Amino acid sequence: MVRIALSLVALLSLLTSAVAQNPPTGRDTSYRSSASCGWTTFGVLARLAVVAAVAWCFPIYAWAQTKSGPQGTETTGPAVKQRANSKTTTRTARSASVVGGPCDFGVVVTTGDEFTVLTTGLTVFQKKTTVVPIPGWGLNDLIFARTRAAIPAGVSVLRIPYNPAKFPPHDESKDTLKDRLFRDLNAELAAYMREVVKGTNCRHYIQILNSISPIGSSSYTVRGFGILNQDVMLGRRIYLYALAFIRIFDGRDFSVVKQSSALINMQHSLAVQRFLGKLIGGPYRELPAESFPTQPEDVADNPALRDGVRAMLTESLDKTLPILLGLRPATRQSNTRER
């Protein structure tokens, strides 16, 4: 634009010079005065036009320089976009941090992947116990899935991993009478769960653990998931059982809000069930004698035992969890021991 303005100045200068060097002659003499005035006026107007053109060109050039910017700098448009991107990045980071924030329910499954093959008889010498790992049965995933299904939609649920190696089982053989009389079980449970869920922040915590039940009126007990061979004088009787216990903790002080064994028969308490002749306090079913494994290690690959345990576990959780969560009328809490 500047070059165009300078060219106009040069052209008009040549024209005015030419007019000054070639005044009108001949018959134009009579018009000398008027012609001179005309050319003079033309020259003045031409110079004014050139000045106006130059004055108009410089703002445009300056605006263009501002718009394009010097080399190596960003223009106004991308700068605004960059600021917008910065805001977006900040919002995304804040949203990501919410993932570790408060939740409504934290769920921790501490049952473990173990199956007990137990034989009992009239004497202690007939008792045989074998614990078989069953990680392929997916019981922990099933328990969490049923717990999540019992919690209403829209309520946030956090699954909390559990490492049993960090929490060795309590050795009850070392308990003295004084310990059993004066120990604070509620404080022990609170301290235990506080350690298990460390690093989380939930309003309530649901723990699913193994339940323990006596076998009839005997001194024997069964725990968690397993199969029982009761070898008595009248013959062998085989029972498959799936015993789980549910505790709900307050997330602030870790006090126990509600607790119960996971039951299928919700009409009577466990005490009444035992009085009515139930052999085991919790879900169990009798199986044919040939169902008992010849080799305990074979149970890990036994689909019938796996499906039987999963079915009883699912039904008991689906019936008990809604009651503890207040979604159904409450029934009597069980007095089954648990661990």
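Colleague: Where does M233 lie?
Modeller: M233 lies in the loop between β7 (225–232) and β8 (235–242). Strands are DSSP runs of E, at least two residues, and helices runs of H or I, at least four, numbered from the N terminus. This is a predicted model: local features need pLDDT of at least 70, side-chain atom pairs count only at pLDDT 80 or more, and totals for chains, interfaces and linings use all residues. Residues are numbered from 1 along each chain as its sequence is written, and side-chain values use heavy atoms, leaving out hydrogens and water.

Colleague: Why is M233 called exposed?
Modeller: Its relative accessible area is 73%. Exposed means over 50%, buried under 20%, partly exposed in between (1.4 Å probe, protein chains only). So M233 is exposed.

Colleague: What makes Y205 and F254 a stacked pair?
Modeller: Rings of Phe, Tyr and Trp (its six-membered ring) pair with centres within 6.5 Å; planes under 30 degrees apart are stacked, over 60 edge-to-face, the rest tilted. The rule gives three aromatic pairs. For Y205 and F254, the centres are 5.5 Å apart and the planes at 10°, so this pair is stacked.

Colleague: Why does the pair tie together separate parts of the chain?
Modeller: Y205 is in strand β5 (residues 202–214), and F254 is in the loop between β9 (244–250) and β10 (256–261), so the parts joined are 49 residues apart in sequence.

Colleague: How do you know whether Y205 and F254 are buried or exposed?
Modeller: Y205 has a relative accessible area of 1%, so it is buried. F254, at 8%, also counts as buried.
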